[in-house]
Amino acid sequence: MTIIYQTTFKKIGNFARDALQENMLITFKDGAPEELEDYCFIHSHDELKDNVKIGDIVKIDQTEFEVTAVGDVASFNLKELGHVTFRFDSLATAEYPGTIHLKGKVPQHIEVNSVLTIIRN
């Protein structure tokens, strides 16, 4: 098991939880453009050690989700901007280039200081 990315949520935008109701979690690193900050879970940013791949595990606190699809620019966006949209819909093909699709139910209890980790087995 190798951790390829780990970060801590530092701020939750005013409308960020609304996206959870649509099976999405939108992240951005500290310093997000002001017009986007309200819609994102803002986090401290770590180095992405390798591109995210199908079969990797995204862990939010103690809950694990399997990656089922990765958009063409999702890893680049995560690496450079800390920005990615996680979709909890188990799709096998990425719907949008900046999306990472996950298997599992949307987490409802993401708080400031919750930890997001991406693990490769």
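Trainee: Which residues does Val-70 touch, not counting residues up to four places away in sequence?

Mentor: Val-70 touches Val-52, Lys-53, Ile-54, Ser-75, Ala-94, Thr-99 and Ile-100, where contact means heavy atoms within 4.5 Å. A word on the source: this is a predicted model, local features need pLDDT of at least 70, side-chain atom pairs count only at pLDDT 80 or more, and totals for chains, interfaces and linings use all residues. Residues are numbered from 1 along each chain as its sequence is written, and side-chain values use heavy atoms, with hydrogens and water left out.

Trainee: Why is Val-70 called partly exposed?

Mentor: Its relative accessibility is 22%. Buried means under 20% relative accessible area, exposed over 50%, and partly exposed in between (1.4 Å probe, protein chains only), so Val-70 counts as partly exposed.

Trainee: And what makes Ser-114 buried?

Mentor: Ser-114 has a relative accessible area of 4%, so it falls on the buried side of that cut-off.

Trainee: How do you know that Ser-114 and Asp-61 make a polar contact?

Mentor: Their side chains are joined at 2.8 Å. A polar contact is a pair of N or O atoms within 3.5 Å; within protein, one must be able to donate a hydrogen and the other to accept it, and residues adjacent in sequence count only if both atoms are side-chain atoms.

Trainee: What makes strands S6 and S7 a pair?

Mentor: Two strands pair if DSSP finds at least two bridges between them. S6 and S7 have four bridges, in the parallel sense, so they qualify.

How values were computed
Helices (H or I, at least four residues) and strands (E, at least two) are DSSP runs, numbered from the N terminus.
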